[in-house]
Amino acid sequence: MTPFSLAGRRAFVTGANSGIGQAIAQALAAMGAAVTCAGRTEATQTVAAIRDAGGQAESLHLDLSNPMAAQDLFAGQDYTILVNNAGIILREDSMDYPEDMWDRVMDVNLKAVFFTSQAFARALPQAPDAASRGAIVHVASVLSFQGGIRVPSYAAAKHGVAGLAKSMANEWASQRINVNAIAPGYVHTKNTASLTQDPSRYEAILQRIPAGRWGEPDDIGWTAAFLCSPAAAYINGAVINVDGGWLAR
Ligand code: NAP
């Protein structure tokens with residue numbers, strides 16, 4: 001078996017009905033994991049695609065606008081992979097940004113990431129012989145490093161997510177729990193629809209990407225599969241840019 005295999009593992013992916021989460025669920029399943037596709041919208045299409053490809057998947061309703069919603073989902077379930085992918089972006093000028101938009105973004109994008117990870121880690125099986133007992137991947141953003149425009153709560157939350165990958169790694173690496181984050185650049189999903197529908201903004205972003213193209217969800221999916229695998233057992237607290245070189249520029 002290659003060190004990239006996820007055969008025999010159970011994985012839990014939040015926000016797996018569309019976009020990056022869907023691609024992550026499919027990549028994990030392709031590498032052999034049985035994937036629970038959790039989210040506020042039924043992951044019917046993702047589950048069907050995985051099963052059609054011969055993989056294992058199920059859909060689970062989970063609304064992380066209550067950041068504590070996943071508290072009871074891990075005990076006794078043998079999950080060893082968690083991908084915190086669910087996220088929202090709400091745009092408004094910082095001068096006018098209202099408290100309810102701030103709170104909604106923080107709850108899903110940051111508070112839920114922490115408390116879902118905590119519940120997952122508490123429930124991890126002991127697995128005394130494994131180099132890694134479990135893997136957690138947070139989906140951060142290039143806005144974990146940059147400020148963005150009209151997205152103050154999103155940038156603050158994503159900076160926080162990068163911090164959580166590091167702080168959790170510091171505490172949990174010694175317990176053989178690998179915590180890392182992926183910072184996607186600009187990826188074609190419904191999260192970026194307002195940018196793709198604005199030709200001048202789309203082109204301006206494209207011109208700044210060294211790879212000369214926007215990202216696709218699969219670009220993130222395969223990186224997540226690697227980070228969850230035994231091949232990444234010595235990677236702790238990393239925030240890996242998958243951005244076509246955006247941040248290198
Ligand atoms: P997306 O297609 O809109 O996916 C977001 C996912 O999160 C959806 O499944 C969505 O469910 C789910 N979600 C939102 N609120 C939720 C809640 N309260 N409870 C449970 N699930 C919830 O956009 P995406 O681009 O793939 O985003 C996935 C992640 O990548 C996000 O964390 C985002 O910040 C991050 N990211 C994206 C980009 C990009 O360029 N696209 C760049 C950097 C980082 P619904 O379908 O029900 O809304």
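## Ligand site and selected residues

Of the 29 residues around the ligand, those that come nearest are Asn17, Thr41, Asn85, Tyr154 and Thr189. The model is a predicted one. By class, the shell around the ligand holds 12 nonpolar residues, 13 polar residues and four charged residues.

| Residue | Protein atom | Ligand atom | Distance |
|---|---|---|---|
| Thr41 | N or O atom in the side chain | oxygen | 2.5 Å |
| Ser18 | polar side-chain atom | oxygen | 2.8 Å |
| Leu64 | polar backbone atom | nitrogen | 2.8 Å |

On its own, the ligand has 870 Å² of accessible area, and the protein covers 95% of it. Two elements give two or more residues to the shell around the ligand: helix α1, residues 19-30, and helix α4, residues 152-172. Tyr154, one of the residues that come nearest to the ligand, falls within the α4 range. The space that the ligand takes is the largest pocket.

Thr36 sits in strand β2, which spans residues 34-39. Is Thr36 buried or exposed? Thr36 is buried, because its relative accessible area is 1%, and buried means under 20%. The side chain of Thr36 also makes a polar contact of 2.7 Å with the side chain of Tyr79.

Leu227 belongs to helix α7, residues 217-227. Its relative accessible area is 2%, so Leu227 counts as buried. How far apart are the C-alpha atoms of Leu227 and Asn170? They are separated by 17 Å, while the two residues lie 57 residues apart along the chain.

### Two positive phi angles

Most residues other than glycine have a negative phi. Asp78 is not a glycine, yet its phi is positive, at about 65 degrees. Asp78 is in the loop between strands β3 (56-61) and β4 (79-84). Tyr79, the polar partner of Thr36, falls within the β4 range.

Ala127 is not a glycine either, and has a positive phi of about 45 degrees. Where does Ala127 lie? Ala127 is in the loop between helix α3 (99-123) and strand β5 (134-139). Ala127 is partly exposed because its relative accessible area, 32%, lies between the limits of 20% and 50%.

Notes: Residues numbered from 1 in each chain as written. Predicted model: local features only at pLDDT ≥ 70, side-chain atom pairs only at ≥ 80, totals over all residues. Heavy atoms only, no water. Near = heavy atom within 4 Å. Polar contact = N/O pair within 3.5 Å; in protein donor to acceptor, adjacent residues only side chain to side chain. Areas by Shrake-Rupley, 256 points an atom, 1.4 Å probe, with all protein chains shown as cover. 1 Å grid on protein atoms, 1.4 Å probe; cavity = no way out; pocket = protein on both sides within 12 Å on 5 of 7 lines; lining within 4 Å. Sits in = over half its atoms within 2 Å of the grid points. Helix = DSSP H or I, 4+ residues; strand = E, 2+ residues; numbered from the N terminus. Nonpolar A, V, L, I, M, F, W, Y, C, P; charged D, E, K, R; others polar. Buried < 20%, exposed > 50% of the residue type's maximum accessible area, 1.4 Å probe, protein only.
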